[in-house]
Amino acid sequence: MSLAKKILDFFTRKEKVTAGGGEQAVQKQNSMGKMTARQRIEAILDSQTFHEYDLFVEHTNKDFGMDKKFLPGDGVITGTGNVAGHPVCIYAQDFTVAGGSLGLAHARKITKIMDHAAKLGMPLIGINDSGGARIQEGVNSLAGYGEIFYRNTKSSGIIPQISVILGPCAGGAVYSPALTDFVFVVDKISKMFITGPEVIKTVLGEEISMEDLGGARVQAEISGNAHFFAESEQECIQQIKKLMEFIPWNNQKKADKFAPKPPKAHFKIEEIMPKDPKEPYDVRDVIKAFVDDSDFLEVQEHFAANIVIGFARMKGETVGIVANQPLVLAGVLDVDSSNKAARFIRYCDAFNIPLITLVDLPGYLPGVDQEHAGVIRHGAKILYAYSEASVPKITLTLRKAYGGGYIAMCSRHLGADFYFAWPSAEIAVMGPEGAANIIFKKEITTASNPDAVRKEKVAEYTEKFANPYVAAANGFIDAVISPEETRGYLCHALEMSANKNEQLPNKKHGIPPF
Amino acid sequence: MKIENLRSLVVDDTQYNTKLNTKFENRKKYAPKNEKHIIAFIPGTIREIYVKQGQQVSKTQDLLVLEAMKMRNTIKAPFSGTIKKIYAKTDGTVPKGELLLEFE
């Protein structure tokens, strides 16, 4: 064969494989509002940067007539490319080929690109759209999953790992996304569950739709498995690109520095908080009032909304923000919000992202359901994560910081590098009402007019203790600052702690209350 | 700015105005365990009912079979007593926590 013929033969072969499951299957995929695997990769990556590998990989299964079946690329596309000019490894399961089912060759393509990402220190983006294990391959497909999970875990905290769920992701397959840093879902397209509605019905007699069991909304709001929720695949891809600009490309690097921008003028920091300390406000308005360009990328917006987490920039540099949200459940800490914040803190710590914590909470959520759900051990995660984190930790108390909540929210006692408080801060063992009822119990109950005495005692306690000055007198606060000074103090503190280098004693790893 | 749909939440005797989330609103109210109630410890299907209303049973006597996860679980009497009422039906599916049978 002449070289020209060989090249022609190569193009014929390539065309056959890149066609995926064929025109009909592609049309069906597109008609469901879904892009094909190849379209998705091209939409995420910078134009013309995708380089594909393992195009000609084929499965070797001989059982159940599989030896006669040709599965282009074995149902997954892998390669490298750029996002915002930075290299990434990427794979996308191709639902048009055998439902994107995972066999050993399919899995080996994924693990190969994962090894590549780990070795070369670049982020991994995995696009999941698969019916699950390729049953014909039996235990070989299980082996494939296991080898993916192992690499997800080994790469955790070294390279960013992003999972995009653009179709079904069921059974064992869900554990790869669960082990990665960020999970993206799209309404009506993403479906995740361990056991599907049919199994649940036959085994347990409970009827539920796929959407109600593990649809995108459920994962984003109820289970907390997903970090970003989008209405369409296009919106999802924009979210991925935005996130990628905020995070560093591996744990040895810092995130890209952008040109500093002041916050937008219409966020007036001194006007956000209501006068009455029992009235709510949206803490995200406070965040937008001091971060660059008022640009805040919220993570897990819909799950445990009583705590707000996300990325922003201060003078062009990425920071991670954790803030109690008085708008929802008065900003209390509970099982879900502790889990949400603790994981985010550990993410930021692993990837050299300084932490800014905003405090306004009445404490932990009381309730039998919380105690029985293990709020002790889940709540402990937030203490563990803050204490363990060695990145710069800067805390600002806006209003209430009561009891265990005060300690947990990156207090000086858990190693905050800088701790500031607004004059509206109330750093105390508990709120004035609760404290007065305990301390002056005798005076109140024996008084001829208990309500009047209680009111008086509450006022007395408020006057004495519901302020930042008792904590300031003990040196637990570095500075009481006015709201207008917030950005200046936070930027300065970040600058001062830029070279923080906390040396930890050598250990394999701690034992956090998982 | 006026915030709508506010509800009250009490923490340490202080009443806060705030929004509630669906999980909080749907939480199950705690009820102390009633020793006389036999409840389904797992969702499943009732396969056998061995006793009748008004019947005297002795401790550890078989009451019914609850099949779940392909396992037949025989539920035995926790103490000797009289069956007040049977709520379970043969081949009926029951969710977790469903009242199956009540002692007098």
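**Exercise 1. A sheet in chain B**

In what order do the 4 strands of the open sheet of chain B lie, and is the pairing parallel or antiparallel? A reminder before you start: this is a predicted model.

Solution. 
- Step 1: Reading across the open sheet gives the order 7-6-4-9, and the pairing is antiparallel.
- Step 2: Now look at the edges. Strand 7 (71–76) and strand 9 (93–94) of chain B sit there, each pairing on one side only.
- Step 3: Pick out the residues. B:Thr45 stands opposite B:Glu67 in strand 6 of chain B, and its bridge partner in strand 9 of chain B is B:Thr93. B:Ile49 has B:Leu64 of strand 6 of chain B as its bridge partner.

**Exercise 2. The overall form of chain B**

Find out how many helices and strands chain B has, and decide why it counts as more spread out than a compact globule.

Solution. 
- Step 1: Count the elements: chain B has 1 helix and 10 strands.
- Step 2: From the N terminus on, they run β-β-α-β-β-β-β-β-β-β-β.
- Step 3: Compare the radius of gyration with the globule rule. For 104 residues the rule gives 13 Å, and chain B comes out at 20 Å, well over that value, so the chain is more spread out than a compact globule.
- Step 4: Check the extents. The C-alpha trace of chain B spans about 65 × 30 × 20 Å along its principal axes.
- Step 5: Of the 104 residues, 19% count as buried. Among the contacts in chain B with a separation of 6 or more, 44% are between residues 24 or more positions apart.

**Exercise 3. The surroundings of B:Leu6**

Is B:Leu6 buried, partly exposed or exposed, and what is it in contact with beyond its neighbours within four places in sequence?

Solution. 
- Step 1: Locate B:Leu6 in the segment before strand 1 (7–11) of chain B.
- Step 2: Count the other C-beta atoms within 10 Å of B:Leu6: there are 15. A residue is buried at 20 or more and exposed at 12 or fewer, so B:Leu6 is partly exposed.
- Step 3: List the contacts. Leaving aside neighbours within four places in sequence, B:Leu6 is in contact with A:Pro280, B:Asn17, B:Thr18 and B:Lys19.
- Step 4: Take one of these, B:Asn17. It is 11 residues from B:Leu6 in sequence, and their C-alpha atoms are 5.9 Å apart.

**Exercise 4. Where the chains meet**

Which helix gives the largest share of the side of chain A that touches chain B?

Solution. 
- Step 1: Start with both sides: 25 residues of chain A are in contact with 26 residues of chain B.
- Step 2: On the side of chain A, the elements giving two or more residues are helix 7 (197–204), helix 13 (368–372) and helix 16 (432–439).
- Step 3: The largest share, 3 residues, comes from helix 16 of chain A.
- Step 4: See what helix 16 of chain A packs against. Its axis comes within 9 Å of that of helix 18 (residues 450–465) of chain A, and the two cross at roughly 115 degrees in a right-handed crossing.
- Step 5: Among the residues that meet are A:Pro432 and A:Glu433 in helix 16 of chain A, and A:Arg454 and A:Tyr461 in helix 18 of chain A.

**Exercise 5. Two helices of chain A**

Describe how helix 4 and helix 5 of chain A lie against each other.

Solution. 
- Step 1: The axes of helix 4 (residues 104–120) and helix 5 (residues 139–155) of chain A come within 8 Å and cross at roughly 10 degrees.
- Step 2: Angles under 35 degrees count as roughly parallel, and helix 4 and helix 5 of chain A are therefore roughly parallel to each other.
- Step 3: The crossing of helix 4 and helix 5 of chain A is left-handed.

Terms used:
Residues are numbered from 1 along each chain as its sequence is written. Chains are lettered from A and ligands numbered from 1 in the order in which they are written. This is a predicted model: local features need pLDDT of at least 70, side-chain atom pairs count only at pLDDT 80 or more; totals for chains, interfaces and linings use all residues. The radius of gyration is taken over C-alpha atoms; the globule rule is 2.2 Å times the number of residues to the power 0.38. Two residues are in contact if their C-beta atoms, placed from the backbone, lie within 7 Å. Axes are lines fitted to C-alpha atoms, for helices over the stretch in contact, and angles run from 0 to 180 degrees between N-to-C directions. Angles under 35 degrees count as roughly parallel, over 145 as roughly antiparallel, 65 to 115 as roughly perpendicular and the rest as oblique. A crossing is left-handed if the near helix is turned anticlockwise from the far one by less than a right angle, and right-handed if clockwise. Two strands pair if DSSP finds at least two bridges between them.
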